[in-house]
Amino acid sequence: MWREEENICCQEVDVVKRKNLEAVDVENMEEPPKCIVEHPGFQAVCLNYRVLQATWLQYKQQYGASAYEGSDHKKSRHIAYRQLVRWCWGSLGKDIRVPLPSCAVNCVRAHFQEPERLDDEMEYTGFQYADE
């Protein structure tokens, strides 16, 4: 992560930390996951390609067909980040953005990496405030 705002652990973000604690009750786990990417819901909500496809269709309907340009992998990363925000924060509102934990971002990037490029060849946008 190249910006200071992006170099955060999921355990430093209260809403994400609470999501891990919920796993004990909801998923009947003995201990909360040490990292959000270990939460059973993270796989289902943020990494499941079929869920992301359905979410993309809803996003496209809401914002228009040309709302987002890019490869399928880039689109999947974009929607996965939106899913993480919706799952942990709920609805933030227009032009309100939050930096995501680097562990979650790295997991999504690894899961939806462009097949023809090595990770060190990828150029990611990273976190941007709405006015940037």
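Analyst: Let's start with the term itself: a salt bridge here is a side-chain nitrogen of Lys or Arg within 4 Å of a carboxyl oxygen of Asp or Glu. The idea behind that is simple: side chains of opposite charge can pair when their charged atoms come close. Keep in mind that this is a predicted model. By that rule, you get three salt bridges.

Take Glu22 and Lys19 to begin with. How exposed or buried are they? Glu22 counts as partly exposed because its relative accessibility is 39%. Lys19, on the other hand, has a relative accessible area of 12% and is therefore buried, since buried means under 20%.

Next up is Asp72 with Lys75, again a salt bridge with an N to O distance of 3.4 Å. Both residues belong to helix α4 and are three residues apart, about one turn of the helix. Asp72 comes out as partly exposed because its relative accessibility is 46%.

Then there's Glu114 with Arg77, whose side chains form a salt bridge at 3.6 Å, N to O. Arg77 is in helix α4 while Glu114 is in the segment after α5, so this pair ties together parts that are 37 residues apart in sequence. Both partners, Glu114 and Arg77, are buried.

Now for what sits around them. The largest nonpolar core has 25 residues, and the ones with the most contacts inside it are Val16, Ile36, Phe42, Leu84 and Trp87. Two or more residues of this core come from each of α1, α2, α3 (49-63), α4 and α5. Helix α4 gives the largest share, six residues. So what does Val16 touch, if you skip residues up to four places away in sequence? The list is Cys10, Ile36, Cys88, Trp89 and Pro101.

Over in helix α5 you'll find Cys107. Its relative accessibility is 23%, which means it counts as partly exposed. Leaving out neighbours within four places in sequence, Cys107 is in contact with Val37, Phe42 and Leu47. With Leu47, the sequence separation is 60 residues, yet the C-alpha to C-alpha distance is 8.9 Å.

Two loop residues are worth a glance while you have the model open. Asn28 isn't a glycine, but it has a positive phi of about 55 degrees. You'll find Asn28 in the loop between α1 (14-26) and α2 (40-47). Asn28 counts as exposed because its relative accessibility is 66%. Asp95 also has a positive phi, near 60 degrees, without being glycine. The loop between α4 (72-89) and α5 (102-111) is where Asp95 lies. At 53% relative accessibility, Asp95 is therefore exposed as well, given that exposed means over 50%.

Definitions and conventions: Residues numbered from 1 in each chain as written. Predicted model: local features only at pLDDT ≥ 70, side-chain atom pairs only at ≥ 80, totals over all residues. Heavy atoms only, no water. Helix = DSSP H or I, 4+ residues; strand = E, 2+ residues; numbered from the N terminus. Buried < 20%, exposed > 50% of the residue type's maximum accessible area, 1.4 Å probe, protein only. Core = buried A, V, L, I, M, F, W, Y, C linked by side-chain atoms within 4.5 Å. Contact = heavy atoms within 4.5 Å.
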